[in-house]
Amino acid sequence: MTKVAARLGATALVLLMVVCAMMLWIGIPLGWLYLASQLVSTTQPSMGPYMLVGVGILVSVIIDAMILSRLNRAYQRVTGSEGTVNLPLPWMRSMRGEREVIRPTGVLDIIMVVSVAIAALAAGVWFFFLAGSSVPTG
């Protein structure tokens, strides 16, 4: 495998990991909520749609996590490394000013932290700006 092909393969695997990570926090829950909302034809709540959403999200997240794990192993094989980068993370620094030790951080670790931050930001924007108030105005 040439260097260019390996680099393109690694980039494609990282992009797939980003997509799968964002599906964990945004795509899977919204997809199951939408599916359950399309199946309900009455305004009376019943346990069936809630169970469908709960079990569906749980199973989908487990499958997505397994896919992420396989993509990470494929990335390690393509790059010929352990899939780590030396990145000094702010929360791993000592407050005493001693010699800085850089621990290897996995590419999947960075993708997951960034995807959680993006999902939290999206939830905050939705909650504060798009959801509207549930308080009745009288």
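Reader: How many helices and strands are there in the chain, and how do helix α1 and helix α2 pack?

Author: This is a predicted model, in which local features need pLDDT of at least 70 and side-chain atom pairs count only at pLDDT 80 or more, while totals for chains, interfaces and linings use all residues. Residues are numbered from 1 along each chain as its sequence is written, and side-chain values use heavy atoms, with hydrogens and water left out.

The chain has 3 helices and 2 strands, which follow one another from the N terminus in the order α-α-β-β-α; helices (H or I, at least four residues) and strands (E, at least two) are DSSP runs, numbered from the N terminus.

Helix α1, residues 3-39, packs against helix α2, residues 47-79, at an angle of about 180°, and their axes lie 9 Å apart. The axes are lines fitted to C-alpha atoms, for helices over the stretch in contact (heavy atoms within 4.5 Å), and the angles run from 0 to 180 degrees between N-to-C directions. Helices α1 and α2 are therefore roughly antiparallel to each other, a term for angles over 145 degrees. In the contact of α1 with α2, the residues divide into 28 nonpolar (Ala, Val, Leu, Ile, Met, Phe, Trp, Tyr, Cys and Pro), 5 polar (the others, Gly among them) and 1 charged (Asp, Glu, Lys and Arg).

As for the chain as a whole, 20% of its 138 residues count as buried, meaning under 20% relative accessible area with a 1.4 Å probe and protein chains only.

Key: Buried means under 20% relative accessible area, exposed over 50%, partly exposed in between (1.4 Å probe, protein chains only). Angles under 35 degrees count as roughly parallel, over 145 as roughly antiparallel, 65 to 115 as roughly perpendicular and the rest as oblique.
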